[in-house]
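Please read the points below with the model open beside you.

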Amino acid sequence: MDEAVDRRSRICVVGASGKLGRYMVRHCLDRGYEVVGVCREQSVGKLDEFADRITILPGRTDDREVIRRAVEGCDGVLTVLVPWGVRGYSTGTAQAVLDHARPDARLVFSCGWHISLDGLDRYSPWFRLFVAVFGVVGRLARVVDVRDQVAACRRIFDSGTRWTVVRGSDLEEGPSEGLPVWSRHVGDPVLKSNRTRRTDFALFMVEALEDDSLVGEAPAIVGRASASALAHAKAA
């Protein structure tokens, strides 16, 4: 067995039944990992294609007991941070993972470009307006709370764990274009195209499990075959 797989053979995917989660499950299985998936009970059926190959723990991802059982013995945890509702779903999920994962576990979280690690990201006026309006409307409708996701990521940044927060651009479906290109800061010209295949977002998350250079980083990613990434590669 490959040494890297042998060292980190058991991976938990928190939010396994979503589109991104299912891609992560598939990439993990392709690499020979043992997979534990956490998803809401009503979504278990979405994992039927993997039912005989993974362990599934039904429950809310902010349920501390569910997360405790799911991450037990896992060398890596892949977590989809979703700001559902207005009751701290993202912060609850993140804190449960931070508290119950092994101290040396590799923790990789997903979010959007609106999260900033050091405040040096440069956002367009349109992007800032969209985030502001979406945040207000989402809270008024009690559907999503972007501020909760921001708070969750701040807990991760301050945790002292072996974390990576992968910040995704706009996502699209389609065949893989390969591992996405990344930058430390939004506003870098390489990210201008603002699009990534969803399967490649998941690929980057799984790849980060074995890439120690990404520990303590919040990479903003863009598709490898996007116009801005190709222009950057040509210039380089």
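Notes on the model

1. Arginine 197 is buried, because its relative accessible area is 16% (buried means under 20%, exposed over 50%, partly exposed in between, with a 1.4 Å probe and protein chains only). This is a predicted model, in which local features need pLDDT of at least 70, side-chain atom pairs count only at pLDDT 80 or more, and totals for chains, interfaces and linings use all residues. Residues are numbered from 1 along each chain as its sequence is written, and side-chain values use heavy atoms, with hydrogens and water left out.

2. Arginine 197 lies in strand S9, residues 195-197 (strands are DSSP runs of E, at least two residues; helices are runs of H or I, at least four; both are numbered from the N terminus). Apart from neighbours within four places in sequence, arginine 197 is in contact with Glu172, Glu173, Gly174, Pro175 and Glu177 (contact means heavy atoms within 4.5 Å).

3. Helix H6 has twelve residues, 146-157. From first C-alpha to last, H6 reaches 17 Å, close to the 16 Å expected at 1.5 Å a residue (1.5 Å times one less than the number of residues). Buried residues in H6 are Val146, Asp148, Gln149, Ala152, Cys153, Ile156 and Phe157.

4. The axes of H3 (residues 64-71) and H4 (residues 89-100) come within 9 Å and cross at roughly 45 degrees (axes are lines fitted to C-alpha atoms, for helices over the stretch in contact; angles run from 0 to 180 degrees between N-to-C directions). H3 and H4 are therefore oblique to each other (under 35 degrees is roughly parallel, over 145 roughly antiparallel, 65 to 115 roughly perpendicular, the rest oblique).
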